[in-house]
Amino acid sequence: MVKSVIAKTHQQALQALHDRPHAIVAGGTDMLIQNRSHTGMAIGYKKSVLYINLIESLNYIRDDENHIYIGANTRLETILRSNKTPAILKKIIYEMASPAIRYTATLAGNIANASPAGDSLLALYAMDSLVEIQSVKQTRKLLVSDFIQGVRKIDLSSDEMITEIIIPKEQFTCVSFKKVAPRQSDAISKLSFAGLARVKNGIIEDIRIALGAVFITVVRHREIEEKYLGSTIDAIKDQADNILKDFDPYIKPIDDQRSNRHYRKQVALNLIKDFIIQL
Amino acid sequence: MTMINFKLNGIKKTIETDPNRRLLDVIREDFKLTGPKEGCGEGECGACAVLMNGHIVNSCSVPLANVDEQAIVTIEGFSKTPQYEVIKDAFAEAGGVQCGFCTPGMIIATQSLLSHNPHPSDEEIKIGLSGNLCRCTGYNLIIKAIKIAIKKGEGLW
């Protein structure tokens, strides 16, 4: 039987990680399934487990003038219901899981799971969100898009844990999320798309595009977006095919049980085009 | 082994066991409550649904460690409430039960939905049930049952 620590305080959790490496479990909706054993058997973790689910001090949504701060233990349902939550993240959470999962799972868990099909990641990439990472020794912050390094690969040392997600407050006039999945709810995406834009007096002031399940991480390319800043609506619509050419080399999906690479690539390009021509 | 204290159907329980066990297994094996059932075992089907602090959760996806000092209600505990009586009668009236395997989870999902939103739209009912699969595919009758429960249970939620 593996050892377990049920932390009730933030300090207790950091100390446990300082003492020895643990698998960290918050809601557990991914960790239990990934490590499941036979019916009736305990979850088959390979190393000690640190349960952080009961740390109330990490369960919050706060904001100030420029940012929204979400504690690592905050449930998806709480985030969905908060009036502080950005529109794109609300749209995604509403579609990404059933109520039972939303009452259990955390946003921090979706980040740490580092799946290219993790729906919430599209909002976090598009919003330039940060994760706060803590150990006994230090606190650091980095972009979610830097924290996630590949499929299930994250920039987290064995003595560290995610403590907070920080989302910059930004206003957008166009907010789009499309999830392509075999059914409407409670499904893992074949691919997903998030688009944000701020259009003022017919000029593109800001545009952001993120794609899920078409590469080893969520795809977002700021250099492509920057090329079209300052364009008029008509000009960017005329450039739609060139934007697709810009994205084409970065969309490299795989074949798996949910879909195939040809379908994923074509639909991803179609969704980008649809977003551009509807601006 | 760890001591876990929690409320099960309103009664305080203490159990010394492996905290890495699933809540579903503890409910069924240690407390012999077989209303919550294992369907998929991965949080997709809702047959194992219970209420934790009044919210629906899949007990197959909850480690016992996360239940410490929390309140769990299974279909057995919920069946002693007036809300259950209304939902049960509505399911019977609408024919919302076929093989019955999904029914405890469907009733828990209904209670979780109505306790947060006593007058859901059709779309909200569907979203409320989106984590519960009925392999007899009797969804329309279940939705009809919930609409009957909303009407007959006015004021209960």
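In chain B, the C-alpha centres of domain 1 and domain 2 lie 21 Å apart. This is a predicted model, so let's take a friendly walk through the two domains of chain B, a three-stranded sheet in chain A and the largest nonpolar core.

**The two domains of chain B**
- The domain assignment places domain 1 at residues 2-76 and domain 2 at residues 82-152 of chain B.
- Where they touch, 14 residues of domain 1 of chain B are in contact with 13 residues of domain 2 of chain B.
- On the domain 1 side, β3 (49-52) and β4 (55-58) of chain B are the elements giving two or more residues, and β3(B) gives the most, with 3 residues.
- That side of domain 1 of chain B divides into 9 nonpolar, 4 polar and 1 charged residues.

**The sheet in chain A**
- Three strands form an open sheet in the order β11-β12-β13 (chain A), with antiparallel pairing.
- Strands β11 (174-180) and β13 (203-212) of chain A each have a single partner strand, so one side of each has no neighbour in the sheet.
- On average, neighbouring strands of this sheet are turned by 10° against each other, direction ignored.
- β12 (residues 191-200) of chain A pairs with β13(A) over 9 bridges, and A:Arg198 stands opposite A:Asp206 in β13(A).

**Helices across the sheet**
- Helix α4 (residues 87-96) of chain A lies across β11 and β12 of chain A, at about 20° to β11(A).
- Helix α7 (residues 119-126) of chain A lies across β11, β12 and β13 of chain A, at about 150° to β13(A).

**The nonpolar core**
- The largest nonpolar core has 131 residues, and A:Leu50 and A:Ile111 have the most contacts inside it.
- Beyond its neighbours within four places in sequence, A:Ile111 is in contact with residues including A:Leu121, A:Val144 and A:Phe147.

How values were computed
Residues numbered from 1 in each chain as written. Chains lettered and ligands numbered in written order. Predicted model: local features only at pLDDT ≥ 70, side-chain atom pairs only at ≥ 80, totals over all residues. Core = buried A, V, L, I, M, F, W, Y, C linked by C-beta atoms within 7 Å. Buried ≥ 20, exposed ≤ 12 C-beta atoms within 10 Å, placed from the backbone. Contact = placed C-beta atoms within 7 Å. Pairing = 2+ DSSP bridges. Helix = DSSP H or I, 4+ residues; strand = E, 2+ residues; numbered from the N terminus. Axes fitted to C-alpha atoms, helices over the stretch in contact; angles between N-to-C directions. Domains from an automatic or database assignment. Nonpolar A, V, L, I, M, F, W, Y, C, P; charged D, E, K, R; others polar.
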